[in-house]
Amino acid sequence: TPHQLAAYPAALDQLAVSGHLLWAGNAARHSNHAVSLIYLSEALRFNPALDGARVSRVYDLVDFDEAAWGVSEATRMIAARPHDEDAFKARADAYLMQADYPHAEQDYQAASTLAPSDLQPLAMLGNLYVNQTHDWDKGWTVADQLIKARPDYPYGWILRAAIQKNQPRPGLQDTVAYFEAHFGNRNPRLHKIAVDMHSAMVLQNHSGAKVLAAKSVHATAAR
């Protein structure tokens, strides 16, 4: 909390080791990216071998509107450790923030290849296709991969529903029914997504009915 973060400067007026600075940076990560960036940078200044802190700092740089610096930092990490999945994911996020979609795509694919059991980079790749580049076919393929690998992983279904709604493609009603049955009551966030999906399905069905009605009127008038 802000109150807890405010105690760190006084605590760190005492002699501190790099681990204490790392703890402070990690404590601030989800509430104050500027403070997190400062403490992680200080931890790295005294202990450059803190690889986890360096990856975390890339995300802070992205959130602090320093995506180019984040790309540069992650690139150095990848050069030193070319099999570091976390560095590829961090650099992909930085590329995504710069709207450099081809390089973000490459890095998400690399991270997924390095750690096929980690569904996050594949999910982020699907997000890129569906919500950024609108490459519906590639997005559909990724959604299928996620659903086949883990039917209990909601994001594959979310991607499928987004394509069925926005391209659009048939089958939204079946996707919504599955999502409501399996995820709708899991937590408040997924419940809200289920409600939004249902609303989109109702709107799509209503719009389709209006189109069919208009065609029917037009055909009758033509006769």
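**View 1. Phe 179 and Phe 183 sit about one helical turn apart in helix H12.** The two residues are four places apart in H12, which covers residues 172-183. (A helix here is a DSSP run of H or I with at least four residues, and a strand is an E run of at least two, numbered from the N terminus.) This is a predicted model, in which local features need pLDDT of at least 70 and side-chain atom pairs count only at pLDDT 80 or more, while totals for chains, interfaces and linings use all residues. Residues are numbered from 1 along each chain as its sequence is written, and side-chain values use heavy atoms, with hydrogens and water left out.

**View 2. Four aromatic pairs turn up in the structure.** Rings of Phe, Tyr and Trp (its six-membered ring) pair up if their centres lie within 6.5 Å; planes under 30 degrees apart are stacked, over 60 edge-to-face, and the rest tilted. One of these pairs joins Tyr 8 and Tyr 39: it's tilted, with 6.2 Å centre to centre and 50° between the planes. Tyr 8 belongs to helix H2 (residues 8-11) and Tyr 39 to helix H4 (residues 33-46), so this pair ties together parts 31 residues apart in sequence. How accessible is Tyr 8? At 22% relative accessibility, Tyr 8 is partly exposed, and Tyr 39, at 12%, is buried. (Buried means under 20% relative accessible area, exposed over 50%, and partly exposed in between, using a 1.4 Å probe and protein chains only.) Phe 179 and Phe 183 also make a tilted pair, at 5.0 Å centre to centre and 45° between the planes. Both of these Phe residues are buried. Ring pairs also link Trp 157, Tyr 178, Phe 179 and Phe 183 into a cluster.

**View 3. Helices H8 and H9 pack at an angle of about 155°.** H8 spans residues 101-114, H9 spans residues 120-133, and their axes are 8 Å apart. (Axes are lines fitted to C-alpha atoms, for helices over the stretch in contact, and angles run from 0 to 180 degrees between N-to-C directions.) The two helices are therefore roughly antiparallel. (Angles under 35 degrees are roughly parallel, over 145 roughly antiparallel, 65 to 115 roughly perpendicular, and the rest oblique.) Look for Tyr 101, Ala 104 and Tyr 108 among the H8 residues that meet H9, and Leu 125, Leu 128 and Tyr 129 among their H9 partners. (Contact means heavy atoms within 4.5 Å.)

**View 4. Helices H7 and H9 pack at an angle of about 15°.** H7 runs over residues 85-97, and the axes of H7 and H9 are 11 Å apart. H7 and H9 are therefore roughly parallel to each other. On the H7 side you'll find Glu 85, Lys 89, Asp 93 and Leu 96, which meet Gln 120, Pro 121, Met 124, Leu 128 and Gln 132 in H9.

**View 5. His 134 sits in the loop between H9 and helix H10 (136-149).** At 45% relative accessibility, His 134 is partly exposed. Setting aside neighbours within four places in sequence, His 134 touches Leu 128 and Tyr 129. The C-alpha atoms of His 134 and Gln 167 are separated by 8.5 Å, though these residues are 33 apart along the chain. From Gln 167 to Pro 168, the peptide bond is cis, with omega near -10°.

**View 6. Asp 65 has a positive phi, near 65°, and isn't a glycine.** Asp 65 is in the loop between helix H5 (51-63) and helix H6 (67-80), and it's exposed, with a relative accessible area of 67%.
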